[in-house]
Each structure stands twice: as C-alpha cells, then as structure tokens.
Amino acid sequence: MKKLIVLLFLLFGSIYIYAQKIPYKVIFDLTSKDPANHQAVLRQARSIIESRPDAKLEVAIYSEGIEMVCKEKSAFVKDIEELINEKKVAFKVCGYTLKRKNMDESQLIPGVKVVPDAIYEIISRQKEGWGYIKVAQ
Amino acid sequence: MKKLIVLLFLLFGSIYIYAQKIPYKVIFDLTSKDPANHQAVLRQARSIIESRPDAKLEVAIYSEGIEMVCKEKSAFVKDIEELINEKKVAFKVCGYTLKRKNMDESQLIPGVKVVPDAIYEIISRQKEGWGYIKVAQ
Amino acid sequence: MKKLIVLLFLLFGSIYIYAQKIPYKVIFDLTSKDPANHQAVLRQARSIIESRPDAKLEVAIYSEGIEMVCKEKSAFVKDIEELINEKKVAFKVCGYTLKRKNMDESQLIPGVKVVPDAIYEIISRQKEGWGYIKVAQ
C-alpha cells in the first residue's frame, strides 16, 4: 500500500508540475486571403519565437488562405522563407485545397509542407494539447 | 505489487493507444452571414465524410450565421438537406439567436436542431475532446 | 488489492462526475476592429452571465481588436464598464499590441487588464480546460 501511495503521488505530482509550466505550442488556423491576416500571423510568430525560443509553432493553411504560401501570389515570401530557414515555424498546406485549386507543390514557397488534410492536422494538434488560434479579423 | 504494475500498464497503455488513433470529431463554429463561409464549411464537411466515414461532425450556428440554415435565405438548402439525410453532419442552431431574431423552428431547414446555447454546445464538445474549427475568412 | 481497486474507482469516479458537469468557462479571442464583433461578444457575455451566474469569462484582446477597449475609440465604453464593475467578465489586452501601437494603459477603459502576451493567455486557458471561442464573422 505504501508503494501505491508513492506511485500515485509521483503520478499526480508530475501532472501538477506539468500544469505549472504550460509549454508554448500553437497551431494557427489560416483560411483568409487577406494579406492583413497573413501579416498578422507572421508578426505574431516572429514575436513569439523571439520571446520564447522554446516555442513550437505551426501555421495550417487551407481554403482561401493558400495564396499566403504561393511563390507568385504571396506578399510575404521573404518573411516566410526566413521563418522556415530558422526552423522555428512550420507552414503546412492542405493537400485537398491544392488539388481543388489545381495547384501543385512546385508553386509553393520552398520548405512549405503539404499535409493530406489541414483540418485533421489541426484537430490532431489540439488533441495533443497544442493551443489553437484562428487567424481572422 | 505485480498486479498494480499490470494495472498501471493497462491504464497508460490504453491512453497511449488512444493517442495513436485520433478520432475525427469536429465542431465547426459558424457566425458569418457570408455565403462563402457557408459554402466552405459544407464543402469541408462533405470532403471529410467521404474520406473518413467514421467522422463525427457538427456545425454550431449562431449570431449572424443563422441565415445559412433558414429555408428562405440559405443559398445551400439542398446541400444541407443531403448532409442531414445522410445522418453524417448535425446542424445545431442557437436558441438565443432564434429568439433574438424573432424566428422560430418552422423557418429552419427540416432536420436542423435547436440547442439552448450554441456557445455552451461548442465548449462542451471541446471538453469532450472534439476538435474545434472556427469558420471565418 | 482491494484498496487499490477502491482508489482507482474513486479516481475514475471523480473524473466521470467531473465530465458530467461541464463548467461554463470561456476565453473569447478578439482581434477585430469591426464594432459588430465588439457588440457580438459583449452581447454573448451578457447573455451567458445572466443565464449562468457561475460562468467565468475572459475576453483576450490583441491585434486590431484593441480599439474595443480604448476610452477614445470604443463604441461600447458603458457596456464594458458595467461588465467589469459586476466582476463577471475580465478584459485582458495584449502588452505586445499596446507597445506596437504606441499606446499605454492610461488610454484603456478603467479595469481593463494588460497581460504580457494575449496568445499565451489564450493557450494557457485552453490548457486549463477553458472553452475557446474566436470572435469573427
């Protein structure tokens, strides 16, 4: 019985400690074609990784958001390339959206990843305990 | 003590297995009157149930979103009726919004359900572990 | 072994009971400068605290949402002051946004609080089990 109590203490103790230090993990949900929204999420990501170098950030892009990561259409190619090169922020585009828009990976800014389904990517991260932020104004 | 260890293994083993197979459960939050948003969520729901027949989906509709499920105002009556008839997607409208807009259930597309409070419906699903997607552009 | 089973029953029993009564805790995410969105979240907060006096509500304000809580710019100074005075809804503004907009606390409606980082405030609440609602149309 003593060992049991010790075990349960360790278990709940570790849950308690965990709760004290909430890690900075966020998945951003971007479906807007408005460059003001693209700029906002890039500014927020930059600000977070500067103040919290341990942060893990992802931007899930689908629906009309896809222009943000298109080589030819994005107003923020440089900012996105820099964040990708620093390996601090992952940009993940929805495969369904690409297909629906008759686009392929070669049209994306290099380093942007394709996931089969951006919504499943988002809900999987939520389930894993990541924070969720919808980018919209 | 052996039995205890076996029990704890079973407990954490099952948590682990659970984490490996993240179920496809999503509540969509729709407050927009823009038909582009209505179309987007309907297209996403259709795409999900085709690729993942085990998915559970709900669309919580409140505030200015209510036009999407109004018989007289929706641009997508047929699509919504089909999704309801296939019993794959639940459409739940906020009772507070109905009241505020001086509307009643008879004005809704048949099969659309009324919940007392759409925000409470959403946070309850979140608490139950469903994914959350805000529909907005 | 008996004691163990009792303990595990108590543990899972309490988790079960907890799941039955989902508390009304919500963090609203507001980044819009559109007064229609300000009005919507204030109306929703008012409605919730009237029907559920036990509710805990927070509005996290950042990016272009900041005008909502500016003394000089908000269209809803009275409504916000009332909610603050009733101690039912906390309004928390992002310190990064204030700095970026060259604003200081004296320009805010009295009682509005400043947090260092609104996104971290939001994901911390999510991690604590609060519901999350993005305010957008």
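**Close-up views of a predicted model**

**View 1. Parallel strand pairing in chain C of the predicted model.** C:Val26 stands opposite C:Leu57, a residue of β2(C). The pairing of strand β1 (residues 25–30) of chain C with β2(C) is parallel and runs over 6 bridges.

**View 2. The open sheet of chain C.** Five strands, in the order β4-β3-β2-β1-β5 (chain C), make up an open sheet with parallel pairing. Its edges are formed by β4 (113–115) and β5 (131–135) of chain C, each of which pairs on one side only. Between neighbouring strands of this sheet the average turn is 30°, direction ignored. Strands of a sheet pair through backbone hydrogen bonds, in either a parallel or an antiparallel sense.

**View 3. The salt bridge of B:Lys92 and B:Glu58 in chain B.** The closest N and O atoms of this salt bridge are 3.2 Å apart. Distant parts of the chain are linked by the pair: B:Lys92 lies in strand β3 (residues 89–94) of chain B, and B:Glu58, 34 residues away, lies in strand β2 (residues 56–61) of chain B. B:Lys92 has a relative accessibility of 13% and therefore counts as buried. B:Glu58 likewise counts as buried, because its relative accessibility is 3%.

**View 4. A salt-bridge network in chain A.** Salt bridges link A:Glu58, A:Lys92, A:Glu121, A:Arg125 and A:Glu128 in a network. Within this group, A:Glu121 forms a salt bridge with A:Arg125, with 3.6 Å between the closest N and O atoms. A:Glu121 and A:Arg125 are separated by about one helical turn, because they are 4 residues apart in helix α5 (residues 118–127) of chain A. A:Glu121 and A:Arg125 are both buried. Over all chains, the count of salt bridges comes to 30.

**View 5. Superposition of chain A on chain C.** Chain A is superposed on chain C by a rotation of 120° with 0.0 Å of shift along its axis, at an RMSD of 0.0 Å. This is the relation of a three-fold axis. The copies use different surfaces, as 16% of the contact residues of chain A recur in chain C.

How values were computed
Residues are numbered from 1 along each chain as its sequence is written. Chains are lettered from A and ligands numbered from 1 in the order in which they are written. This is a predicted model: local features need pLDDT of at least 70, side-chain atom pairs count only at pLDDT 80 or more; totals for chains, interfaces and linings use all residues. Side-chain values use heavy atoms; hydrogens and water are left out. A salt bridge is a side-chain nitrogen of Lys or Arg within 4 Å of a carboxyl oxygen of Asp or Glu. Helices (H or I, at least four residues) and strands (E, at least two) are DSSP runs, numbered from the N terminus. Buried means under 20% relative accessible area, exposed over 50%, partly exposed in between (1.4 Å probe, protein chains only). Copies are superposed by least squares on the C-alpha atoms of residues with pLDDT of at least 70 in both. Contact means heavy atoms within 4.5 Å. Two strands pair if DSSP finds at least two bridges between them. Axes are lines fitted to C-alpha atoms, for helices over the stretch in contact, and angles run from 0 to 180 degrees between N-to-C directions.
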